[in-house]
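Q: I would like a close look at one part of this model, the surroundings of one ligand. Please keep the answer to what can be read from the atoms.

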Amino acid sequence: MRTQVVIIGAGPAGLALGRLLEQAGVDAMILERKSAQYVLGRIRAGVLEWGSVELLDRAGAGARMHAEGLVHHGTALSFDGDRMHIDFTDLVGKQVMVYGQTEVTRDLMDIRQGTTIYEAEDVQLHDFDGQPWVSYTKDGTTHRIDCDFIAGCDGYHGVSRASLPASAVSTFERVYPFGWLGVLVDKPPVDPELIYAHHARGFALCSQRSPTRSRYYVQVAADEKVEAWSDTRFWDELRRRLDPQTAERIETGPSIEKSIAPLRSFVAEPLRFGRLFLAGDAAHIVPPTGAKGLNLALGDVALLGDALMEALQEGSDAGIDSYSVRALQRIWKAERFSWWMTSLLHVFPETGDFGRRIQRAEFDYLMGSRAARQSLAENYVGLP
Ligand code: APR
Ligand code: PHB
């Protein structure tokens with residue numbers, strides 16, 4: 001079998017890249033280890049920068065997002081119960097769209113016309129320095145696909161980055177000593193906007209998926225077990241970390257999903273190895289505090305899609321030659337912002353009272369300075 005681009009992974013990065021390429025008439029196949037149903041069962045973040053909204057529109061995958069997504073003009077931050085509003089529209093003239101990653105993935109899956117092989121086992125990458133090909137096993141039979149390029153969109157635990165010799169790639173990592181315990185519930189959100197809360201007991205986030213579905217998180221120790229958290233314990237802990245008015249208004253109910261995600265910052269460099277490119281979580285991880293994971297992945301594939309089209313259709317290598325440098329510039333800015341939001345809002349066991357005073361000073365600075373709020377807003381809605 002032969003195709004122009006083999007994409008490994010059918011998460012949002014792989015599906016969006018596949019769509020951009022098929023719109024341009026480039027032949028691409030996607031290989032995904034899991035079933036479509038499994039991919040759609042993963043609950044991930046839900047805030048789209050406007051650049052991501054525009055990319056999904058360009059991909060022809062924006063109709064349901066515009067019908068069902070919620071445009072947010074700002075967000076709230078609270079510190080020990082003191083609340084501050086960050087007004088994106090006033091500060092930077094932009095907005096974000098609250099629309100779950102699961103829905104983005106479903107829309108991209110629905111619109112795809114090219115081939116996606118789900119439950120492709122034992123995917124292996126070969127000769128990406130020369131004439132690349134990919135092998136995989138499906139229903140007991142091993143297949144070979146020859147191609148011009150391979151796009152590694154297979155997430156943090158994928159095979160693409162793992163196929164590289166250790167000497168070819170540098171990695172930069174920070175693992176935080178805590179995770180987020182998240183609960184999904186079929187109750188209306190407590191507030192029209194998201195609330196990011198710092199409290200002495202730890203961070204909390206009030207988010208949402210729709211006017212009738214909410215997503216809440218609390219910071220927990222890295223080794224915490226989800227089984228130790230009954231719904232009642234979760235709601236009690238969440239309320240303790242919010243200002244009293246918000247705590248009182250929360251509508252609780254039985255959780256329809258509950259899970260713990262570790263927090264990590266990670267970047268691999270470079271993103272190109274001959275004819276293999278990394279994009280999305282395969283290349284970088286951000287802690288979820290700035291809601292950048294999905295947006296970064298879409299930003300990568302917008303660049304990579306154009307670069308591959310130029311190479312395959314115009315015979316120009318300029319785009320693929322500069323992909324890594326251009327993508328990494330954006331990635332590191334989002335890494336910085338996500339790290340900063342995480343540092344401001346979480347309780348770090350090792351920094352003690354000094355650390356909390358510094359965090360409070362940072363919060364007070366934001367409250368008193370339009371310039372500081374503008375910087376937060378500019379990063380949150382997405383840098384150009
Ligand atoms: N072979 C084939 N597919 C694989 C393999 C493999 N060896 N390993 C992983 N995959 C698949 C995973 O099953 C998954 O469906 O690659 C896909 C990667 O998807 P994501 O993890 O969703 O990563 P990405 O598409 O880069 O999306 C970026 O945004 O909100 C953030 O971290 C969040 O998933 C999110 C991300
Ligand atoms: C979510 O709704 O899951 C969510 C929202 C904002 C974040 C992280 C997660 O910063």
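Which element gives the most to the shell around ligand 1, and with how many residues?

A: Helix H10 gives the most to the shell around ligand 1, with 3 residues. This is a predicted model, in which local features need pLDDT of at least 70 and side-chain atom pairs count only at pLDDT 80 or more, while totals for chains, interfaces and linings use all residues. Residues are numbered from 1 along each chain as its sequence is written, chains are lettered from A and ligands numbered from 1 in the order in which they are written, and side-chain values use heavy atoms, with hydrogens and water left out.

The shell around ligand 1 holds 24 residues, each with a heavy atom within 4 Å of the ligand. Glu-32, Arg-42, Arg-44, Gln-101 and Asp-281 are the closest. By class, 10 of the shell residues are nonpolar, 7 polar and 7 charged. Here Ala, Val, Leu, Ile, Met, Phe, Trp, Tyr, Cys and Pro count as nonpolar, Asp, Glu, Lys and Arg as charged, and the others, Gly among them, as polar.

Polar contacts (pairs of N or O atoms within 3.5 Å) come next. An N or O atom in the side chain of Glu-32 is 2.6 Å from an oxygen atom of ligand 1. From the backbone, an N or O atom of Ala-13 lies 2.9 Å from an oxygen atom of the ligand, and a polar atom of Pro-12 is 3.3 Å from an oxygen atom of ligand 1. Taken alone, ligand 1 exposes 710 Å², of which the protein buries 91%; these areas come from the Shrake-Rupley method with a 1.4 Å probe. The elements giving two or more residues to this shell are helix H1 (12-23) and H10. Helices are DSSP runs (H or I, at least four residues), numbered from the N terminus.

A pocket is an open set of points on a 1 Å grid over the protein atoms alone, where a 1.4 Å probe fits, with protein on both sides within 12 Å along at least five of seven lines; lining residues have an atom within 4 Å of a point. Of its 24 lining residues, Glu-49, Arg-330, Gly-382, Leu-383 and Pro-384 are closest to the centre. Two or more lining residues come from each of helix H3 (50-58), helix H10 (293-314), helix H11 (318-345) and helix H13 (370-381). H10 supplies the largest share of this lining, 6 residues.

Definitions and conventions
A polar contact is a pair of N or O atoms within 3.5 Å; within protein, one must be able to donate a hydrogen and the other to accept it, and residues adjacent in sequence count only if both atoms are side-chain atoms.
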